[in-house]
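Morning, everyone. Let me put the model on the screen, and then I will walk you through it.

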Protein chains: 2
Amino acid sequence: MSESLIGVARPRIDAPDKVTGATRYAADGYVHGLLHARLVLSTEAHARIRGVEKDAALQLDGVVAVLTAADLPVVKSGTDRAAEPLARDEVVFAGQPVALVVAESEAAAEDGVEAVVVDYEPLPAVVDLEAAMTPGAPPARLSAEEAGGDLESIHAGVDKGEDDAEEEQLSANVLDSVTRGSGDVAAALEASDAVVSGTFRTPWTYQAYIEPQVSTAWLEPNGTLVVSTSTQGSFVTQNELFRAFGLDFDKIRVIAEPLGGAFGGKFALVEPLAAGAALALRRPVRVALTRTEDFQATNPASAQITELRIGGRKDGTLTGIEARMLVDRGSNAGWGVEGITSLLVAGPYRWEAFDLRGYGIQTNRFTFGAYRAPGAPTAAFALESLVDELAEELGVDPLELRLKNALVEGDTAVSGNPVPTFGAVEVLERIREHPLWARRDSLPEGEGLGLAAGYWPGGNEPAAAVCRVDSDGILTVITSAADMSGVNSGFQVIAAEAFGMPPDRVRVVTTDTASGPYAGASGGSKVTYTVGAAVLKAAEAAREKLLAAASQELEIAPDDLEVVEGVVRAKGAPDRSITVAELSRKALRFGGRYEPIEGHGGSAQTRGAPSVAAHLSHVRVDRETGEVELLRHVIAQDVGRALNPALVEGQMRGGATQGIGWALFEELAHDEDGRLLTGSFLDYAIPVAERVPPIDTLIVEVPAPDGPFGAKGIGEAPVVAAPAAVVNAVAAATGVRMRRLPMTPPRVWAALTGTEEPS
Amino acid sequence: MSESLIGVARPRIDAPDKVTGATRYAADGYVHGLLHARLVLSTEAHARIRGVEKDAALQLDGVVAVLTAADLPVVKSGTDRAAEPLARDEVVFAGQPVALVVAESEAAAEDGVEAVVVDYEPLPAVVDLEAAMTPGAPPARLSAEEAGGDLESIHAGVDKGEDDAEEEQLSANVLDSVTRGSGDVAAALEASDAVVSGTFRTPWTYQAYIEPQVSTAWLEPNGTLVVSTSTQGSFVTQNELFRAFGLDFDKIRVIAEPLGGAFGGKFALVEPLAAGAALALRRPVRVALTRTEDFQATNPASAQITELRIGGRKDGTLTGIEARMLVDRGSNAGWGVEGITSLLVAGPYRWEAFDLRGYGIQTNRFTFGAYRAPGAPTAAFALESLVDELAEELGVDPLELRLKNALVEGDTAVSGNPVPTFGAVEVLERIREHPLWARRDSLPEGEGLGLAAGYWPGGNEPAAAVCRVDSDGILTVITSAADMSGVNSGFQVIAAEAFGMPPDRVRVVTTDTASGPYAGASGGSKVTYTVGAAVLKAAEAAREKLLAAASQELEIAPDDLEVVEGVVRAKGAPDRSITVAELSRKALRFGGRYEPIEGHGGSAQTRGAPSVAAHLSHVRVDRETGEVELLRHVIAQDVGRALNPALVEGQMRGGATQGIGWALFEELAHDEDGRLLTGSFLDYAIPVAERVPPIDTLIVEVPAPDGPFGAKGIGEAPVVAAPAAVVNAVAAATGVRMRRLPMTPPRVWAALTGTEEPS
């Protein structure tokens with residue numbers, strides 16, 4: 001037998017095309033007769049639309065049409081973005097698309113947008129989250145709501161919890177509330193040796209993908225609507241368009257083009273605009289957002305306010321936890337993260353009693369969307385801050401406190417479900433072994449170390465895949481999963497190992513809804529776990545065909561054969577052999593006697609595979625300016641099994657870096673009328689390379705029983721506790737606990753000097 | 001259980017799009033920056049190319065390039081059309097592509113062609129088939145030949161036989177010769193009660209598809225060569241281009257667009273031109289042949305001369321058969337039909353001794369290609385003519401003579417292989433029962449009835465297919481087989497029956513080489529038999545997934561469930577049920593607990609499934625003009641099982657009609673210098689509707705053991721003996737036996753009057 005291919009670092013298979021510029025992204029394709037659309041965005045956060053004046057725009061050279069809601073052939077009712085790609089009678093956030101100017105060129109479309117005049121009747125803008133939920137608050141939307149969106153289930157990988165039984169006095173802006181409870185929290189806290197509490201605020205944050213959202217739609221002569229798009233999910237987009245426009249299902253073909261980043265933000269947001277315009281005009285239409293449009297009109301992560309209280313005993317046992325979490329849904333009636341954030345706020349720990357509440361509140365800010373581990377960093381920020389404070393109060397080492405209470409397999413989580421295989425203890429132990437941790441009491445003045453842990457439950461979704469040996473002897477893996485964060489490279493090694501091929505003789509093809517095996521959207525840290533499991537079974541099925549053919553060819557029973565690096569050979573007699581390439585040539589021809597060497601695999605895991613990560617952040621804080629300098633960051637993550645450590649480390653570094661952005665830089669800010677102040681990268685800071693410290697990546701492997709070779713989804717876990725670790729490090733360096741993210745220098749300076757924190 | 005779906009007449013599923021004009025054929029797509037190519041065709045049948053003067057053409061507005069052989073990045077050596085899309089130094093037929101003029105518009109390309117001057121040094125043109133093979137004949141090609149083409153195996157569904165052991169004195173133009181022999185033929189004929197013989201001539205014939213050959217090629221930014229084309233086989237074309245241009249296999253994607261007819265002629269002929277130009281110019285290039293170009297530059301069926309002698313005894317036993325068959329390959333070094341035609345000339349009969357020889361001879365006419373049942377109609381024309389004559393000489397009823405000697409399962413064919421399940425007896429018996437047969441001795445003066453039988457062995461090729469239930473609850477069948485002669489409609493009913501769906505809830509998708517399950521070219525009467533078998537297995541595999549999910553959902557064991565019209569229900573308790581649509585919705589979503597309802601199936605039949613047909617033709621011959629009027633035509637064909645009788649009858653009618661064309665109208669004629677005289681439908685007659693008589697279709701079902709529900713490939717068999725039946729009818733009507741096809745009025749008149757037959 002050859003060495004296992006699993007666990008060997010390899011370059012991403014999409015890298016050569018990407019670095020040489022050969023990759024064709026969604027904005028790069030051309031379709032004959034293509035029209036370009038540009039959006040007329042609402043300048044009001046909340047208003048009635050009295051009218052849209054199109055004539056001036058229509059008189060411009062090259063402008064083909066000015067489309068408003070009534071012009072799009074939408075058949076679905078409701079207020080989600082697929083049902084309402086353009087505002088109907090009411091705008092509910094500044095930046096909401098009101099009209100589409102469609103023109104022969106992008107420039108003409110842009111001129112057209114300038115010439116469109118929308119007559120608004122302003123309404124009170126609801127921008128304050130706490131005020132929005134109090135009885136008597138003005139409504140953020142006058143028109144009737146329709147609850148339940150189809151995208152909800154894609155993101156919310158967990159049970160939402162019970163609807164609140166207790167009747168609370170709340171405004172109509174509270175669209176949903178969930179409660180999870182067990183035991184008598186008041187009594188548990190009462191009986192604790194220490195109780196700490198705080199209110200934590202996080203802002204709206206932008207996914208900041210490199211590639212703004214873009215989608216092109218056209219009709220084939222046979223009536224098929226083709227949508228070539230930058231999306232995380234081709235089938236989910238097909239479904240959204242199916243419901244939005246009432247076409248036959250197979251008359252919608254969605255092609256997921258190579259992604260220029262997504263991070264949870266690319267789900268059927270611009271596709272309904274492009275598709276609606278193409279259906280209205282019977283010409284190909286591209287909607288390619290500019291960066292400023294993308295900032296204003298898309299679906300960032302929501303602002304959140306978390307009121308949290310926890311207690312513990314001197315023996316290092318956590319007792320009770322009480323949380324009240326306000327989630328800003330913006331205009332999103334369909335779903336919010338109050339369900340999952342109010343579950344994740346309990347962290348990877350055991351509690352004797354808990355009372356966790358979440359509220360989803362509509363406001364006049366954006367449409368809320370998913371963003372890498374939605375709701376989790378906010379929850380970890382609150383919890384991990386208080387866990388550190390509690391450790392101090394109790395006089396317990398903060399790492400030992402976490403370790404002692406860390407959930408292990410068989411525990412019952414606050415969701416009520418048993419905890420599956422879980423690496424919380426292991427990742428904390430790895431941090432404890434790291435040399436940086438030993439330095440925590442010997443750092444220079446102004447420096448501090450912060451520890452935090454957090455997890456992401458990981459999603460499940462049935463999936464299928466095909467493996468096919470071509471007549472050039474290469475094994476082709478075929479899935480419909482959008483290639484995000486290197487999942488195709490994972491498929492390559494899974495198939496190579498299962499089939500018996502060198503990885504460089506395995507290629508991966510992403511196909512589309514017309515003929516591809518089913519895959520859900522890439523997101524929820526589930527692709528490697530679920531689609532990867534299907535790839536594994538497909539490769540095994542193809543291997544069976546291979547062995548059947550080889551058995552006939554070599555006249556050796558299949559059980560006595562092995563496949564090593566693309567060669568089928570007799571066990572113990574390796575010179576009695578035939579190559580995969582030779583067998584495929586014998587199969588794939590007229591008169592061939594062997595079935596094509598192809599296999600199909602399906603998966604439907606029902607067990608979760610949560611990934612947990614612990615972070616250790618080392619900072620220096622400048623007391624004169626309030627500036628936080630990151631010196632080093634360590635992340636230990638349970639990845640199940642690292643199929644390709646280079647990619648796993650990339651995810652860990654990327655997640656930690658994004659978390660650093662949330663900790664220090666990132667905030668979408670509105671003025672008091674709900675107009676966006678931070679509509680460009682000049683106003684919205686993300687961590688540039690020079691602001692990111694060296695990051696140590698410690699891979700911990702606690703194999704997931706149902707994962708391919710033990711692997712699990714790992715994309716979201718590394719971001720969860722990163723901000724909290726930085727927060728805890730700042731506290732260690734300064735003695736000051738920040739309750740609002742990001743920790744900008746003015747805010748830190750205000751906290752250090754005891755002056756009022758800027759909002 | 002519901003009624004079987006098999007055997008019910010249904011419209012073709014591609015019909016609505018085709019009749020409403022919605023179908024997008026290969027010439028209908030547009031690619032940005034598309035260039036149009038037009039061919040400079042050789043005006044000489046045989047010449048050296050001294051030079052190609054491009055300058056005048058290049059100076060025309062819109063002309064982008066004039067490409068000659070040296071400009072195309074072909075890496076394959078040899079003289080087949082993929083290795084030599086443009087003539088190198090020597091032209092070997094009038095009409096051979098010498099240069100490509102590529103321009104911004106079709107009109108500019110056409111002007112460019114007019115302006116290109118090719119300087120030829122004429123060489124002796126070899127146009128006489130018998131002269132070509134005699135020692136000392138001038139060679140039809142000076143340059144070295146390379147034997148063996150990759151397309152050979154696609155068409156030649158049978159063993160080619162032995163190379164001739166006896167040394168014959170032959171010219172170098174004889175590229176190949178095959179001999180099959182058994183027993184002492186001379187002795188067998190000597191001992192016969194009657195021996196008849198003749199020499200039979202058939203001309204070059206044109207496939208006359210409605211859609212001239214067309215192919216568009218372009219490069220994706222990542223270097224992938226995409227070829228959107230009118231082809232019978234996407235994978236075979238990919239293979240040809242792979243070898244021709246030496247690209248990575250997966251950097252060639254071939255999309256088989258809906259076919260506007262093919263009949264064997266569309267195999268990688270124009271694709272190398274389009275692909276070569278696109279690779280040379282790095283721009284999209286379309287090669288869309290005009291009808292005249294298509295007549296001149298493609299690959300019709302070859303001319304053939306058959307010298308045949310057979311004997312029989314008075315008891316109605318066939319004794320010996322001796323054949324010498326000269327096949328004109330034109331410029332095709334790679335393959336010819338001498339192998340199969342010299343096998344099929346023995347017909348569906350037992351012989352005591354045989355000596356069958358075939359010669360493949362190069363000439364300066366066309367490139368030889370496949371055409372529905374290649375070599376078979378010619379063979380049947382010769383054999384069935386003589387069988388009728390023999391019956392007369394022996395005083396045996398011609399139908400009884402055929403019946404008595406008809407091959408049955410277990411006999412040994414002249415190929416040496418055992419005869420599989422075979423319906424020759426059954427189809428002859430069906431003809432015997434037809435009322436027209438009873439009238440054979442009571443027809444008016446000038447009328448006659450002709451009987452003939454013939455078969456096509458049917459090809460085998462491994463194939464795969466996928467069945468997938470989509471979230472709209474429809475079962476989607478996915479194959480890579482080009483939809484020719486309604487095969488997709490057959491897949492629909494196969495999948496519907498195997499899965500348990502109404503046919504209108506099954507759709508069929510033809511996908512491409514990038515991600516499709518393997519299928520060989522559509523041709524050789526093998527698609528329903530082989531790909532259909534894979535579809536059947538794929539549907540069964542998907543049904544297993546369906547039952548597994550339903551079993552969990554209904555809490556009933558899979559064995560106790562049945563699937564009826566898209567509903568899974570408990571056997572005996574039909575109200576305990578769930579629809580396929582509901583189950584698919586439960587599977588295809590986040591958190592779903594069931595695998596996607598998808599299945600993959602592969603097939604690799606090793607047993608042949610020959611289809612045999614008997615024809616009865618009723619004609620009236622005008623002795624004054626020599627015109628043959630068809631009054632009625634009857635065809636009885638063993639189709640294994642008629643999946644959809646409407647489609648089967650369509651094939652039977654179409655095949656018979658094409659055979660009538662060969663009998664009466666069709667001939668590609670050259671002048672003595674090898675220049676085509678019949679380059680348009682003004683000069684080349686095909687049977688128009690008013691010349692086609694009522695055709696009775698008698699479906700005979702002798703199920704093929706390995707075919708899906710007993711079905712077999714039926715596309716080729718109905719053409720085989722159709723011309724022979726007409727010939728025999730003319731003989732019955734006039735007493736004159738025609739030895740040359742087509743039986744045009746001048747030829748018939750010459751025969752009737754004993755004057756010299758026009759050539």
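First, a convention for angles: under 35 degrees counts as roughly parallel, over 145 as roughly antiparallel, 65 to 115 as roughly perpendicular, and the rest as oblique. Axes are lines fitted to C-alpha atoms, for helices over the stretch in contact, and angles run from 0 to 180 degrees between N-to-C directions. Helices (H or I, at least four residues) and strands (E, at least two) are DSSP runs, numbered from the N terminus.

Now the housekeeping. This is a predicted model: local features need pLDDT of at least 70, side-chain atom pairs count only at pLDDT 80 or more, and totals for chains, interfaces and linings use all residues. Residues are numbered from 1 along each chain as its sequence is written, while chains are lettered from A and ligands numbered from 1 in the order in which they are written.

Take helix H16 (residues 527-554) and helix H17 (residues 580-587) of chain A. Their axes come within 10 Å and cross at roughly 85°. H16(A) and H17(A) are therefore roughly perpendicular to each other. Who makes the contact? From H16(A), we have Leu546(A), Ala549(A), Ala550(A) and Glu553(A). From H17(A), we have Val580(A), Leu583(A) and Ala587(A). Contact here means that the C-beta atoms, placed from the backbone, lie within 7 Å. By class, that is 6 nonpolar, no polar and 1 charged residues. For the classes, Ala, Val, Leu, Ile, Met, Phe, Trp, Tyr, Cys and Pro count as nonpolar, Asp, Glu, Lys and Arg as charged, and the others, Gly among them, as polar.

Next, the domains. Chain A is divided into domain 1 (35-123 + 213-288), domain 2 (304-404 + 423-458 + 608-753) and domain 3 (460-603). Those bounds come from an automatic or database domain assignment. The centres of domain 1 and domain 2 of chain A, taken over C-alpha atoms, are separated by 36 Å. Their contact takes 12 residues from domain 1 of chain A and 17 residues from domain 2 of chain A.

On to the two chains. 56 residues of chain A are in contact with 57 residues of chain B. In chain A, helix H5 (152-155), strand S18 (463-469), strand S20 (506-510) and strand S24 (598-603) each supply at least two residues of that side. S24(A) gives the most, with 5 residues. By class, the chain A side has 21 nonpolar, 20 polar and 15 charged residues.

How are the copies related? A rotation of 180° with 0.0 Å of shift along its axis superposes chain A on chain B, at an RMSD of 0.1 Å. The two copies are thus related as by a two-fold rotation axis. That superposition is by least squares on the C-alpha atoms of residues with pLDDT of at least 70 in both. And 100% of the interface residues of chain A are also interface residues in chain B, so the copies meet through the same surface.

Now sheets, in chain B. Strands pair if DSSP finds at least two bridges between them. One open sheet has 7 strands, in the order S3-S5-S1-S13-S10-S11-S12, with mixed pairing. Strand S3 (63-67) and strand S12 (252-256) stand at the edges, each with a single partner strand, so one side of each is left without a neighbour in the sheet. The twist averages 20° from one strand to the next. Strand S1 (residues 35-41) and strand S5 (residues 97-103) of chain B pair in the antiparallel sense over 6 bridges. There, Leu41(B) has Pro97(B) as its bridge partner.

A second open sheet of chain B has 4 strands, S20-S19-S18-S24, again with mixed pairing. Strand S18 (residues 463-469) and strand S19 (residues 475-479) of chain B pair in the antiparallel sense over 4 bridges. Arg468(B) is partnered there by Thr476(B).

Most residues other than glycine have a negative phi, and most peptide bonds are trans. The bond from Leu741(A) to Pro742(A) is cis, with omega near -5°. A cis peptide bond also joins Leu741(B) and Pro742(B), with omega about -10°. Ala208(B) has a positive phi, near 55°.

Key. Contact = placed C-beta atoms within 7 Å.
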